[in-house]
Amino acid sequence: MNLEFPDDLYYTREHEWVRVEDGIAIVGITEYAQDSLGDVVYIELPAEGTEVQKEVGFGVIESVKAVSDLYAPVSGEIKEVNDALPDSPEIVNDDPYGEAWMIKVVLSDESELKDLMRVDAYKAYVSDEKE
Amino acid sequence: MGTLAANGLKQTPIYQAHVELGAKLVDFAGYALPLSYTKMVEEHLQVRRAAGLFDVSHMGRLHICGPGAEAFCQAVSVNNVRRLKDGRVQYTVLCLANGGCVDDLTIFRFGQEHYELVVNASRRKQVIAWLKEQPHRDVEIEDRTEATALMALQGPQAMSLLAKKVAGELESMRPFSFVQRELFDVPVVLSRTGYTGEDGFEIECAASAALSLWQQLLNLGDGKVKPIGLAARDTLRLEMGYMLYGHELDEATTPLEAGLQWVVKLNGDDFIGKAALVKQQQEGLKRRLVGVRGGRQVIPRRGYRLYAEGSPVGEITSGSYSPTLDCGIGLAYVQKPFDQQPTLEMMVRNKPQEVDLVKPPFININR
């Protein structure tokens, strides 16, 4: 299976992605993450207004076979949460970069983005992880 | 894919087919095996609704041959091997002298001087070593795992799909019986057994014939049969409450604690571990395996603790989301008398969640 990694995103070592639009970081998990997890059956997300910290867990994702934490790629206040996910967690498998965005964070420090991977680095990271 | 092989993992005779089908491969007991081919839930429901094909060649196949075979198998097995007739299969457990489980397995009787033990891949080495430590007069213990392959065709359509392809009649085969026939011109041992709860067969053949037999079985009924990976195999067995060695069973657990009283024949012939099990039976069990059912978003996982009024009373041994029931299910050891409570609290990420205690199987299958 060929996994898709859009080249306009930032990526983390924990397999989250970030899309930046007007100072807002939109966060989800990558196709590699959803493919490794398998069928997603449960998602727990924080409430709007919660402050998230870079590299600290902000939620939980559970598939048929395993439970994983979701880590914030950047710090800031959550402006919006994708309310559709808890009821339809399978969207994460179907459309990880689109409909299955998880939270929108008001970036408190844009320089944190420099610590994240761009697409080529992430692709290399994923192919290393497979081995 | 090449990486797993490079890591020194063993391959089954059907490995190439898994690669060509694009399976996600994992290390299972030292073998590179398919975790899934498509989606786990889809594969699970495929077996419940139609038919699925599994490569289970990693399971150990040990043959016990010689004039002492029957006496030897009886001496190491908690079930009554002497009651087993030719062409029949029995589920049983091998126990240590202290009653702990060496392995759980099926035993096939080809004749009084020939039995086959189908053991867990993860336990094959230990089982062979343990068997050889026991007195074995007039008995040869032969490991034929690598020379053969084992597949399972499981699901409500398994019988109708296979019956047309096998010489002779199949419908009258009883559950837990086996025949030696030809299937697509390949000599096979065909047993009406499985690990899914569905009707179906396990099919053993020579390693050299396995790949072609796998392809022909997959082509049965023009696409009605789908290949199924280990992830679905695990959720299918869990819905039935079947044991998995290393989870519900181990050397520190007796088959009585696991609820296998129906397998352990304390009134039958002597076997290793019997005295310890009789003693445990008389003294009463301290803990017992139970089924646990959570809500749609309360999914038991191995290691989760169970509490009664704030005190820890048990632990989950296997847990998953159930595709059939659309809720969390699991198995757990619970201290007596808390195993009799209708509900317990399960700690999920530091939050207590109520779960129901139920008697497995979690689902009913109409055959």
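## Basis of the model

This is a predicted model: local features need pLDDT of at least 70, side-chain atom pairs count only at pLDDT 80 or more, and totals for chains, interfaces and linings use all residues. Residues are numbered from 1 along each chain as its sequence is written, chains are lettered from A and ligands numbered from 1 in the order in which they are written, and side-chain values use heavy atoms, with hydrogens and water left out.

## Where the chains meet

Chain A brings 20 residues to the contact, and chain B brings 16 residues. Contact here means heavy atoms within 4.5 Å. The buried area between the two chains is about 1,600 Å². Carbon and sulfur atoms give 49% of that area. Buried area is the accessible area (1.4 Å probe) that two parts lose on being put together, summed over both.

Nine residue pairs are in polar contact across this interface, with both residues at pLDDT 80 or more. A polar contact is a pair of N or O atoms within 3.5 Å; within protein, one must be able to donate a hydrogen and the other to accept it, and residues adjacent in sequence count only if both atoms are side-chain atoms. On chain B, α3 (40-49) and β16 (311-322) each supply at least two residues of the side that touches chain A. Helices (H or I, at least four residues) and strands (E, at least two) are DSSP runs, numbered from the N terminus. That side of chain B has six charged, six nonpolar and four polar residues. Asp, Glu, Lys and Arg count as charged; Ala, Val, Leu, Ile, Met, Phe, Trp, Tyr, Cys and Pro count as nonpolar; the others, Gly among them, count as polar.

## Salt bridges

Over all chains, the count is 29 salt bridges. Between chain B and chain A it is six. The rule asks for a side-chain nitrogen of Lys or Arg within 4 Å of a carboxyl oxygen of Asp or Glu.

Asp94(A) forms one with Lys39(B), their closest N and O atoms being 3.5 Å apart. Glu62(A) forms a salt bridge with Arg349(B), again with closest N and O atoms 3.5 Å apart. This pair crosses between chains, from strand β6 (residues 57-63) of chain A to the loop between β18 and β19 of chain B.

## The hairpin in chain B

Arg349(B) also belongs to the hairpin of β18(B) and β19(B), which has two residues between the strands. There Arg349(B) takes a positive phi near 50°. Six bridges join strand β18 (residues 343-348) to β19(B), and the two run antiparallel. Leu344(B) has Val355(B) as its bridge partner.

Strand β19 (residues 351-358) of chain B also pairs with strand β14 (residues 287-293), antiparallel, over three bridges. Strands pair if DSSP finds at least two bridges between them. Gly291(B) stands opposite Val358(B).

## Domains of chain B

Chain B is divided into domain 1 (2-57 + 146-239), domain 2 (60-143) and domain 3 (287-360). The bounds come from an automatic or database domain assignment. The C-alpha centres of domains 2 and 3 lie 34 Å apart.

## The sheet and a loop in chain A

Six strands of chain A form an open antiparallel sheet in the order β1-β2-β3-β9-β8-β5. β1 (10-11) and β5 (51-52) stand at the edges, each with a single partner strand, so one side of each has no neighbour in the sheet. Two bridges join β1(A) to strand β2 (residues 16-21). Tyr11(A) stands opposite Trp17(A).

Glu48(A) lies in the loop between β4 (40-44) and β5. Not counting residues up to four places away in sequence, Glu48(A) touches Ile78(A), Lys79(A), Glu80(A) and Val81(A).
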